[in-house]
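Student: I am new to this structure and would like a close look at one of its sheets. Please set it in the context of the whole protein first.

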Amino acid sequence: MKKIIVSILVSVPYLLFDAQKYNELYPLKNANGYIGYYLSDGTNVIPPQFCSATYNTDGYYLVSKADHEYDETGRRKEEHIPDTEKYGILNSKGEWIIGLDNTYSSIGISGGFIKVTKNDLNGIVNDNNELLIPIEYEELDPMYSTLISAKKNGKKGIIDIQNKILVPFLYDEIHGFHFMNDKNQFYSIVRIGDQYGVVDKSGKYIIELIDIELISITDTTIIIRKNGLFGLSDFQMKTIIPLEYNDAYLYGQELFFQKDHVNYYFDPAGKLLRKEKAETD
């Protein structure tokens, strides 16, 4: 049976929602239980024929169709016959991008990209169902613009939409992505075993691998954790906020730290902005 791996298909009642930046199609279920799409002026674009359908997902619409049994009155039963469900994707004009006759084991929308799967490997296709990223990755996680976190042969790296390797496939984990204001540079936390480091978009180390857990990055500082306590360091691992807090994370444009039932808010450079008593249950 095919599965949708990102956007979950559901049976849709008579619902409307506000138009966003794409031309909106609205799911509509008919008396026989099938779903089609229409425009806000009531124009019927896709006649009811689907068993399930999604709302707008980055300008795409995921639909499914399956075989059903019927009761003695000729009414269709809601449950579909096992292993008959097929999935496809429409664009905002109601045109097929991936038809129901596709051979993918799963399809979905992730970060504005169409992700497809075969034989437990993932790739990305364009609006013409042409491969942009070959189906050879164990994981694909689009992050920003054309950057994609990927896993291949058990290791993680970063590629772009042209399938160019930016950060080599060396790491057990990549997370904590931080984009600079101009969006032309980013840092990410990498891990090999119990050692953590920070690399830039070319894979160059900003912080070499060390035996301290790295949590969140700003332009010039990084939240760290050791022995269960949190602090803040610069990229030379010089202490800015000592390792004495019970919790810490990046909170919008501020750093949040907590200890002794008090919340502390710092700017990204580690300057105290305010503190307040933490709420308790």
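Tutor: The protein has a radius of gyration of 24 Å, whereas a compact globule of 281 residues would come near 19 Å; the radius is taken over C-alpha atoms, and the globule rule is 2.2 Å times the number of residues to the power 0.38. This is a predicted model, in which local features need pLDDT of at least 70, side-chain atom pairs count only at pLDDT 80 or more, and totals for chains, interfaces and linings use all residues. Residues are numbered from 1 along each chain as its sequence is written, and side-chain values use heavy atoms, with hydrogens and water left out.

Along its principal axes, the C-alpha trace spans about 75 × 45 × 35 Å. The secondary structure comes to 30 strands and 0 helices; these are DSSP runs numbered from the N terminus, with at least two residues (E) for a strand and at least four (H or I) for a helix.

Now the sheet. It is open and has 4 strands, in the order β19-β20-β21-β22, with antiparallel pairing; two strands pair if DSSP finds at least two bridges between them. At the edges are β19 (173–179) and β22 (205–210), each of which pairs on one side only. From one strand to the next, the twist averages 20°, with axes fitted as lines to C-alpha atoms and angles run from 0 to 180 degrees between N-to-C directions.

Within β20, Ile189 is the bridge partner of His175. Strands of a sheet pair through backbone hydrogen bonds.
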